[in-house]
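Hi everyone, thanks for coming.

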Amino acid sequence: VENGRRQLAFCNAPEVHRVKTLADPHSRNYAVSCAPMLDTDQRRRTVAWWLLVCCGLVFGMVVLGGFTRLTGSGLSMADWRPLMGVLPPLSDADWQRVFEMYRQTPEFQLVNSSFGLSEFKEIFWLEYLHRLLGRIIGIVFLVPFVFFLVKGYIRRDEWLKYLLMFVLGGLQGLLGWYMVKSGLVDVPSVSQYRLTAHLLAAFAIYAYMFWVAMSLLFPAEKNSKKHAWYTRSLALFALVTVTIISGGFVAGLKAGKIYNTFPMMGEHWIPPGILALEPAWRNFFENMVTVQFDHRVLAITTFVLVLIYWFRARSAALPVRARPAVNALLHTAILQVALGISTVLLAVPVLLGAAHQAVAMLLFTVALYLVHSLRRV
């Protein structure tokens with residue numbers, strides 16, 4: 001009996017379940033069993049790591065999207081079936097059906113008219129995998145979300161922000177199809193506006209999930225306040241984001257295929273025709289020369305400011321977890337500039353172009369982490 005009392009005292013501890021005492025009606029001996037229970041911190045960390053897994057999948061989605069675009073595979077699937085399009089063509093008749101749909105598109109008629117079924121399959125698989133990964137992300141998000149909600153890992157007053165993540169993911173799929181449709185009408189190329197919007201939406205969803213995950217892993221204390229370096233870090237993050245947006249217009253217009261020299265653009269520091277379109281604002285979004293020039297200026301400006309930020313931050317009183325991020329910001333920026341210059345000089349080879357897009361997202365992540373580490377200290 002005394003042993004049972006000690007076990008009951010242990011089981012009343014906050015980190016374990018309260019347990020039932022099992023009594024034998026023919027004996028005075030009592031048996032007690034205890035099962036471990038996740039405390040609040042552990043549950044919060046579990047949800048955070050789930051969100052980080054989703055972030056990793058979104059990261060892969062962006063990289064795979066870059067490969068799809070650079071290989072000219074994005075317009076190979078001329079229909080969109082969110083539920084029934086999970087399975088690829090499985091028979092010769094299925095392949096002929098989807099190939100016939102592709103033959104009706106401007107891309108086949110104006111660019112790939114020499115393609116047979118075997119060449120079509122090569123570009124089809126990348127776009128299919130891109131769409132399949134989008135569906136996988138939806139499942140990986142939704143199933144654990146329902147589980148965490150039912151089990152109480154996510155508080156009732158917080159479930160709306162997680163539901164918003166799921167809704168935004170669904171809208172992102174719709175936006176992706178809206179982008180693809182722009183290349184299935186008259187011109188075999190998607191709209192640079194829609195492509196950039198699709199890219200920016202992916203980054204926004206990624207940032208939202210990453211921010212919530214970091215807030216779960218590093219919860220703010222009651223008396224916390226913004227660090228003195230928070231505002232300048234936020235401004236630098238905003239500049240990184242604007243540079244990435246400008247890169248979306250470069251990709252959409254294929255502007256990296258011109259002026260494959262650096263640091264000058266051909267024989268000019270400021271190339272001719274930079275304001276050739278009317279009204280003038282169109283040049284920043286529709287003129288290949290202006291778009292590449294803007295991206296170069298933004299990228300170099302961002303890199304210089306990262307250097308200044310890093311140099312001054314060395315002597316600043318930053319939080320412990322912010323210091324590695326400052327160094328990572330510099331290292332990632334150096335790698336990104338090297339990839340950007342190489343991509344331009346070599347006229348955007350597929351591997352370098354995809355790597356440049358991937359490291360852009362990595363730089364975005366480091367800058368966002370740095371902002372979060374200085375928001376509440």
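Which side chain does Glu127 meet in a salt bridge? Its partner is Arg131, at 2.8 Å from N to O. Before going on, a word on the basis: this is a predicted model, where local features need pLDDT of at least 70 and side-chain atom pairs count only at pLDDT 80 or more, while totals for chains, interfaces and linings use all residues. Residues are numbered from 1 along each chain as its sequence is written, and side-chain values use heavy atoms, with hydrogens and water left out.

By salt bridge I mean a side-chain nitrogen of Lys or Arg within 4 Å of a carboxyl oxygen of Asp or Glu. The structure has seven of them.

Back to our pair. Glu127 and Arg131 are about one helical turn apart, because they sit four residues from each other in helix H5, residues 117-151 (helices are DSSP runs of H or I, at least four residues, numbered from the N terminus). Glu127 is buried at 4% relative accessibility, and Arg131 is buried at 13%. Here buried means under 20% relative accessible area, exposed over 50%, and partly exposed in between, with a 1.4 Å probe and protein chains only.

Next, helix H2, residues 40-70: Asp41 and Arg44 lie three residues apart there, about one turn. Their side chains form a salt bridge at 2.3 Å, N to O. Asp41 is partly exposed at 35%, and so is Arg44, at 23%.

Finally, Arg155 pairs with Glu158, with the closest N and O atoms 3.2 Å apart. Salt bridges with shared partners link Arg155, Asp157 and Glu158 into one network. Arg155 is partly exposed at 48%, whereas Glu158 is buried at 18%.

Conventions:
Helices (H or I, at least four residues) and strands (E, at least two) are DSSP runs, numbered from the N terminus.
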